[in-house]
Each structure stands twice: as C-alpha cells, then as structure tokens.
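Dear colleague,

I am handing over the structure below, and after it I set out what was found on a first pass. Please read it with the model open beside you.

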Amino acid sequence: MSSTQPLDLRLPTPGCYADPERSGNDAKAVFDGMTEHLFFTLGKLAPTASLHDLYMALSYAVRDRLMTRYLASQEAIRAKPHKTVAYLSAEFLIGPQLNNNLLNLGIQKEAEQALRSFGIESLSHILEVEEEPGLGNGGLGRLAACYMESLASLQVPAAGYGIRYEFGIFNQIIRDGWQVEVTDKWLKGGWPWELPQPDEACFVGFGGHTESYIDDQGNYRSRWIPSEHAIGIPHDVPVLGYQVNTCNRLRLWRADATESFDFYAFNIGDYYGAVEEKVGSETLSKVLYPNDGTDEGRRLRLKQQHFFVSCSLQDMLRSLEKQNIPITNFPQHWSVQLNDTHPAIAVAELMRLLVDDRRLDWEKAWEITTNSLAYTNHTLLPEALEKWDLSLFESLLPRHLEIIYEINRRFLQQIRLRYPGNDQIQRKLSIIDEEGGKAIRMAHLATIGSHHINGVAALHSDLLKRELLPEFAKLWPEKFTNVTNGVNPRRWVALANPEMSALLENHLGPNWLTDMKLLNNLEKLEDDSSFLEEFGARKLSVKRKLSGFIHRQTGVLVDPCSLFDVQVKRIHEYKRQHLNVIQIIAQYLRIKNGQAQGMAPRTVIFGGKAAPGYFMAKLIIRFINGVAETINSDPDMEGKLRVIFLPDYSVKLGEQVYPATDLSEQISTAGKEASGTGNMKFAMNGALTIGTLDGANIEIREQVGADNFFLFGKTESEIMNLRQNNYQPKKVIQNLPELSEALRLIQVGHFSNGDSDLFKPLLQNLVEHDPFFVMADFADYLRAQDNVSRAWTDRKHWNRMSLLNTARSGFFSSDRSIQEYCKSIWKTNPRPVEITCDVR
C-alpha cells in the first residue's frame, strides 16, 4: 500500500475507525456523545450532573472522535513501516487537553452549542474545572509538549515516552510569604485522555549482580541477574495534530510491582511487609524529580530514569519484532531523541538489550545504537549536568556499569591513538570523572553514544562547543548542530489569546497558525492607526480579565491600564528575579522621594516555583512577597506601582498571563540560559522584551529588530572577563547610590516587618560573592527600565512595537524547530494519514 493510498476502513474488522455515531462533529453529535457518556460511562443523569461530570462527558465524547484518527495513524505505520521519532523526556508539561483537542478538531463552537443544551452558557465554565496533568515542571517539559503537537500537525509519525507521575511535582501555596509545597493530586477526579494498555507491559530490573558465561556459539557473554523488578504499564495519550488526521501517541509508564501482595507475610502478621514490594515499585512513578539532596532521593531519580528508558526501548524493539522486521534495521525505523541528560542511560540500556538479550556482537550493537540516538543539551549549568556516584550506579545497574566501562575503554583507545601521550585530554573526555569521588558523566555518555548533539539557541550551541564540550566538538565537529527552540502557536496564541487570534485571522486568513511566515504581512499595518488602536484594545481586554483574576486570587486591585511588567518562570538565582525586585525597590524609593516624574504606572507580576530543596530560590519568593506586601499597602504607591506574586504557576495560568503582558522580563545572566521559551510566547502575543544577550533573546532581538527590544547588561564575554579578573560587587555598590539605598532598606528589615536577619543570606550572597552578576548589571537594567517608561508614554508607538513583535515572531514556532530536526537530525519525512470516510 503506497503512502498516498487511503486506508480501506470498510474491512469487516472489529472497532471500525469510522463509527458514524462517535465521529460526527456537529453540535448534535457532540451532545449525543455527551449524553451517552453521562449515562453509560459515568452513571449520571443530565439534571443531576455536576460541572465536573459534564467536563468528563464532553472529554470522553471528544476522545471518541480522536480514536478514528489515532487508530488510523497506528495502522498506517503497521501497514507500511515508516521511520518514527521517539521523543524520550522526563517531563511532558502538556497542559489541559480538552480545549486543545477541540481546537485541533475544529469543533469549539459545536461543543459550546452542545453545552447550552445542558444549561451551560460558556465553554469556559467547563474548562475551569479541568485539572492540569502533573507531568512536568518547566520549560523542558513544555518544550516536549509543543514538539509532540507540532510533530502531529506536520504529520510526522512520532511517539513520546515518559513517566505517568501520580502526583506530579507539587502544588504551590504561599503562606506568610513563603512557598509551601502540597501534593498535586491531579488524578483524583479521573483523567479521560489516557488509554491504559496493560497487555503491553514491560519488566525492568534493578540491583543484583552479573555473571559471565560462554554461549552456544563459543562467545563470552555477561548475564545480569537483578535482585528486584518493576513492571511498566503503558498509558497512552492521543496527540492530535491541527486540522489533520495524524494522531500520534504519548506513552507514559506507570510502575507496578511484579507481586502486589505477599499472602505469607500478611498471614504471619507482617502487614506492611505484605505490600512492601508494591509500595517500593510504585514509588517509581509517584513524584516528578524527587529531592536529590539525600542518598535515597538520588537513588530514586536514577531508578526512575532507567525505568522509563528501559520500558521505552523494549517497546520500540518489540514493535519491530511484531512486524517481523530485523532488529538490525532499528535505525531505519526509530530515531530516538534524548531530551537532556535524564534519558542518557539509553546508550547503555540499548546496548544491553542488543548484546545480552538479542545476542548481537558488540560492533553491530554499537553501530545500531549510535545511528539511532541523538542528544539535546538544555543547560550550561554544571550542577544540572547529571553525574552519578559510581557506587550508587553499580548498586542499581551493575550490568550497565560494565557496558559503560567497555564503551569508555574503546573510546579512550581512539583518543590515545589521536592524542598519543596526552593524559589530560583523556581525563577530560572520559565518561568516568576521576576528580574527587568517581562519578559517571551522563552528558559524556550521551555525546559518545549519539550521532548528533544539539543546543537549543545559537549562543547556547556556540557555548556548548566552546566551553562545555570543546574537546568533543573538536573530535566530532560534524556531530554538533543547533536547533533553536520554538513554541506551539495553536496553544499559545489561538487558545490562550482568542481575541487576538480572531483579529489575525481577519487580516491574514485561517492558515497563519500553520504557516507563521504569514505573520510578516502584519508589518504592512504598522502605520495603520485604526488597526493599531484595535490591536491595543484587544490587549487591554485580556488585561482586564487578568486583573479580575488577580483580584480574586490575591485580593489586590490592579489597574489594567498600567504597564503589565511580567516575570514568570522557574525561580532560580541565574534567572535573577532578585535583580527585578531590587530595581522595583529603587522605583519605590523614587516615588517616596518625589522623583517619579515620567515613570510609567506599573503592575509587576511574578510567578514560578522553587525546587523544594533550593533554599535561596525559596528565599527569593519570600523576598518578592515581602516587597509586594510593603508596596501594596503604601498609599503613596496608589496608581503608580503594584507588585503581585501569582501562586502555583502552570500552563493554565500561563494562558492568562502571556496574552496580557506588555513587558516581558528575560533578564538571566548572559551565558546561563540555554534558550528559554517563555520569551517566545510573550513576543508572539505582542509583549516587548527587556533582556540580556542570553539564550534565544539574541535571536528574538534579531528577528523583531533592536528598536523593538530593550537591551541591557553585560555580554557573555564581559561576564567571563569579570569572573576572571577578581570581580568585587562591593565596589560596584559603592558607586551606585540608588543601589546602596535599596540594599540598605532590605538590610534594616523594611520589607520583612523589621526582621533584619530574614534576607541576610540573600544580601550576603549578593554583596560578597554575586555569582550571577546582579550588582554588575543593576545600573544598566535601571537605565533600560527608564527607557521602557518613556516608550510607554507614546501608546501609539508602543502598539506599533508590540505589533512588530507579533509580526516577526513566526521563526519561533515549534513547527519550524521540528522541520529542522526532521531535516538535519532525524532524517524523516511527513506521512499523511488518509481516512476514506469523511469524519471531519
């Protein structure tokens, strides 16, 4: 069957894809589907159904319509095998699914009409009750989600692989200004988007020992005998593309015990022992990123990584066996992308599966492995580049350690031949870090075992080659490339900002969501006063909605006509939320001292979570809230300055924040942020950026134009020069009176109810060390903020700059990123899915 030949859905097979009762997309069909699921699936009658019941019924009805495409997409690959992208990621921050699927099916209006028959006037009432899946934390997981949707929209066969976390990371509440973590029970009401597949479970081993033997061919072999096992149960989530038939699969693994209940232990009174194995195994998929500040936390993290990687690779190999495809053809059928170092154990695990289980010789197995795997690096921070203590690794994965030793031995032999007598370069390139306690460098393992290594922004990829992995880049320059990150415009404009999306469609037609180059046509309207006024009015409308949300959540009234100045992202010192707060204090002092002339009225909005074990990040949250409390209760700030911290930042909250933002704070220390994706979402929605030359900020500035970007701060080379030349933040502070006064107010407890000790660790770090050069960039940051205030006074010109940010943001679509991956790394092409009967 050719790739263009339609699937014959008339065959008398069970579960015909095109069941007319479950595939109709008109309002009546959706209503009938909801009614059926209310009665037969949920056991409810319409008059007594709650909003959550109606959400579940609508979701099941929508899922029915996904199944036509989902099964057809799976069958298309079985009928004619095609290279499939396997995207391995510890996180998939996919966000709420209902509205996304309604948009991609093109039935939002029909769903809203069906809901009116149940007395629900707006789809938004149903969307509000949807729980956000706790499957990710930040940019890494959101990027993975954007890429999965773009793969489907571009009709590229793909499978995402990760963990079905029962409790996600945590829900954040703010108590007395501090972050408090509470359990994220996102599954408590049921999740209608997953399809459990227990018959496709995989076994995964841990611990134990290895033993050598001679096989029946006379070859020396090693056998792993694990001391414990877990079962991986796959839960599949359909990922539908926009207005296409392609519906790929996100396969998430849930851990289960091989034996859930020990009757002998129970009968002798050992009630905990009776379920000990079950509890231990299921812990693997309980929580995203367990605290690695303890030995047990690190052990669990490594087990999680091996668990989902092993299940995923077994699943890929099994798919070939089901189709009678030789295992040696693995690279022609699977392109495996490692999203950061979390899945880097895939190098050793694929080798184990090929050498130990499939009995391939080492050379052939290594050829398959290195032709199948590719590695995306997402960080330049040393602490984020995973290294595993050798003794921990050996206790959990003894066979994998043997394989890594052999990979390293063969690799270092090549290095010795290329650099004879150069022991230093061998130490730098070795997978085993010999400095201090021995450890396994997972980034090195991924680099050696992959055919491509890519960074995620031009500067990041350059620093990857120059600073992080320079010897590898010199050894294999052909392996290294760049693919700048992108974001999904369907989620972040069409869903998040329907008012602006409608305006764009009126002027560009309906195809701009899949052809973002069409946004360039908006430049023709940059001097059109009526359009600029309408563009600004749409922005003000969403700002009013966010203002209402802020009041309901925090009790603080904000002026939607003020400048909405926003920094929402994971809380980390290198992202420099504290630089922003100190600048706010300087503005506060200007107002108090009667020097506020020309200052734009501002509402400064923060959001983001700190890792539970990261004290300084949690102190920064307390700092933000302390300053907010002081400013928001001061009558002198009325109409001039407000500071808001939005708790429990998420995709759902982001959909409200990005469209309402006027100024996007992208102020990380130059050379520290790999790329960032929030910066792209803001720009697409017409926010102007104030930022450093870091990550994708550089490319955003190049695309939107320097005149439409507020630049400040030291460059990466200037930061490096300061670091190498005895940088002394105290000298900087002494020469900046506004900075000195701001720090003095913090020191005396002005923002901590007189407690002068509360923020002392933060102040000491800044004044004595300043590892992220907050003090060095302060003066230039304040200058750039003054430029922002001046620009805000000319609203027509501001709206023009805002429009140009949107018009020139098409490059940052995740569709463009995926097309680059397909061309330069994965070497795969789209495979449209044809369905003979019309279900659209």
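The lining of the largest cavity divides into eight nonpolar, four polar and three charged residues (Ala, Val, Leu, Ile, Met, Phe, Trp, Tyr, Cys and Pro count as nonpolar, Asp, Glu, Lys and Arg as charged, and the others, Gly among them, as polar). This is a predicted model, in which local features need pLDDT of at least 70 and side-chain atom pairs count only at pLDDT 80 or more, while totals for chains, interfaces and linings use all residues. Residues are numbered from 1 along each chain as its sequence is written, and side-chain values use heavy atoms, with hydrogens and water left out.

The largest cavity holds about 150 Å³ of space, and among the 15 residues that line it, Ile 94, Gln 97, Asn 100, Ala 145 and Val 239 are the closest to its centre. A cavity here is a set of points, on a 1 Å grid over the protein atoms alone, where a 1.4 Å probe fits but cannot get out, and lining residues have an atom within 4 Å of a point; a volume is the space filled by probe spheres set on the points, which are joined across faces, edges and corners.

Elsewhere, Trp 362, Glu 363 and Trp 366 in helix 13 meet Ile 403, Glu 406, Ile 407 and Arg 410 in helix 15, where contact means heavy atoms within 4.5 Å and helices are DSSP runs (H or I, at least four residues) numbered from the N terminus. By class, this contact of helix 13 with helix 15 has four nonpolar, no polar and three charged residues.

With kind regards

Notes. Helix = DSSP H or I, 4+ residues; strand = E, 2+ residues; numbered from the N terminus. 1 Å grid on protein atoms, 1.4 Å probe; cavity = no way out; pocket = protein on both sides within 12 Å on 5 of 7 lines; lining within 4 Å.
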